[in-house]
Number of protein chains: 2
Amino acid sequence: MDQVKIIEIKRSVYESNDREADRLRAELKEKGVFLLNLMSSPGSGKTTTLKKTIELIKDEFRIGVMEADIDSDVDAKAIAGTGVKAIQLHTGGMCHLDAGMTRQGLDELIDGEIELAILENVGNLVCPAEFDTGATKNAMILSVPEGHDKPLKYPLMFTICDLVLINKMDVCGYFDFDLEECRKNILMRNPNAKIIPISAKTGEGIDRFADWLREEIKKNR
Amino acid sequence: MDQVKIIEIKRSVYESNDREADRLRAELKEKGVFLLNLMSSPGSGKTTTLKKTIELIKDEFRIGVMEADIDSDVDAKAIAGTGVKAIQLHTGGMCHLDAGMTRQGLDELIDGEIELAILENVGNLVCPAEFDTGATKNAMILSVPEGHDKPLKYPLMFTICDLVLINKMDVCGYFDFDLEECRKNILMRNPNAKIIPISAKTGEGIDRFADWLREEIKKNR
């Protein structure tokens, strides 16, 4: 697991990202690939959450993970440690991935065997929300130390996500974090958002996230 | 303190942001204004740190604060509670401020009396690092729950900051956070960075941040 493949992704050439995203989504559905776009602030626990979740479901689905970062390959190495296919995407300083960039990663990731592809987007609550990656579903992690007011300040991210995981629930007692207030703020932005409190560290709630994935993958078939 | 002024800032029209930033920096120096650009991820504790610091130095300097957010005015209200001048800048969905946008805020903030102007930038470790705001100094907050590996993933932010505050040291025991590893990672990106561990909650280290500000303001006169 010392080496993971690093892809230097290039700026997209498509005129309309929305059109390219719809095209990619349709192609993935055709191929039977469910693509989850996972977003959050830096350090909210995307990689740790994925590791815990993959351990639960890796015997049920063929999984591939794309780790997007401006630099480093620490996350792809961490995911590769679970035994699933993991590649690192370097964005060349860019703050988000669009559909064309996601496609570049998928071309390396999918060898005809992946059923669940996961894109761990660049840690950023602003820009990734503005670019449809072509994902089947969008999910995000908000962690307890960030505070329950974040949906007030980063409206679009919460509006476009089908699922919001509230991570680091194990340290809730050490922060001024109000879960009910947080729920209210999220649902104000997106009344249809599914909200699951979790702790990637203790494993709390990871089974519910796994259930959500199972159900959504089934619906997509 | 129920109402704070909200400025809807517009996209800048300057051809070269770097040139406009240098011009703004020179003008501010001429006027005797020290401008601090404070950056971080969402929820790292920028506003709480500023509140605690302002309490220590508000009798020494005339202070004005610009709170940049995509939406809401909760931060400007919190700062206004300390008694200093605070305005809210709405970025219209934009993920950063450049020099022209900062100037729009300063035009509202400075009434000929401000000696220390603080820009609390949009919570984002990527884009704000790419745009020189014209600030006298750049500072950032990395908080313990985000992890000590962040300088590996967000190189530019750590490279351009004169000061890195490591916040939420009070919860260090609950996270896998290695302060020495963090220092090493920061100094790899910027050997000249000043690093101060703090806790905005308990007040630990805030005196050292205040000392840094006093010294830098003196040097700028």
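This is a predicted model: local features need pLDDT of at least 70, side-chain atom pairs count only at pLDDT 80 or more; totals for chains, interfaces and linings use all residues.
## Two copies and what joins them

Residues are numbered from 1 along each chain as its sequence is written, chains are lettered from A and ligands numbered from 1 in the order in which they are written, and side-chain values use heavy atoms, with hydrogens and water left out.

Now for the interface. Of the interface residues of chain B, 100% are also interface residues in chain A, so the copies meet through the same surface; contact here means heavy atoms within 4.5 Å.

Next, the rings. Over all chains there are four aromatic pairs, meaning rings of Phe, Tyr and Trp (its six-membered ring) with centres within 6.5 Å, called stacked if the planes are under 30 degrees apart, edge-to-face if over 60 and tilted for the rest. One of them is A:Phe175 with B:Phe175, edge-to-face at 6.4 Å centre to centre and 70° between the planes. Each partner sits in the loop between β7 (163-167) and α7 (179-189) of its own chain, A or B, so this pair joins two chains. A:Phe175 counts as buried at 14% relative accessibility, and B:Phe175 is buried at 14% too (buried is under 20% relative accessible area, exposed over 50%, partly exposed in between, with a 1.4 Å probe and protein chains only).

Within chain A, look at helix α1 (residues 17-31) and helix α4 (residues 99-109): they pack at about 35° with axes 8 Å apart. Helices are DSSP runs of H or I, at least four residues, and strands are runs of E, at least two, numbered from the N terminus. The axes are lines fitted to C-alpha atoms, for helices over the stretch in contact, and angles run from 0 to 180 degrees between N-to-C directions.

Last, the cysteines. There are zero disulfides over all chains, a disulfide being a pair of cysteine sulfur atoms within 2.5 Å. A:Cys95 is in none, and its nearest cysteine sulfur, that of A:Cys127, is 3.5 Å away. A:Cys95 is buried, with 12% relative accessible area. A:Cys182 is buried at 0%, and its sulfur is 9.4 Å from the closest cysteine sulfur, in A:Cys172, too far for a bond.
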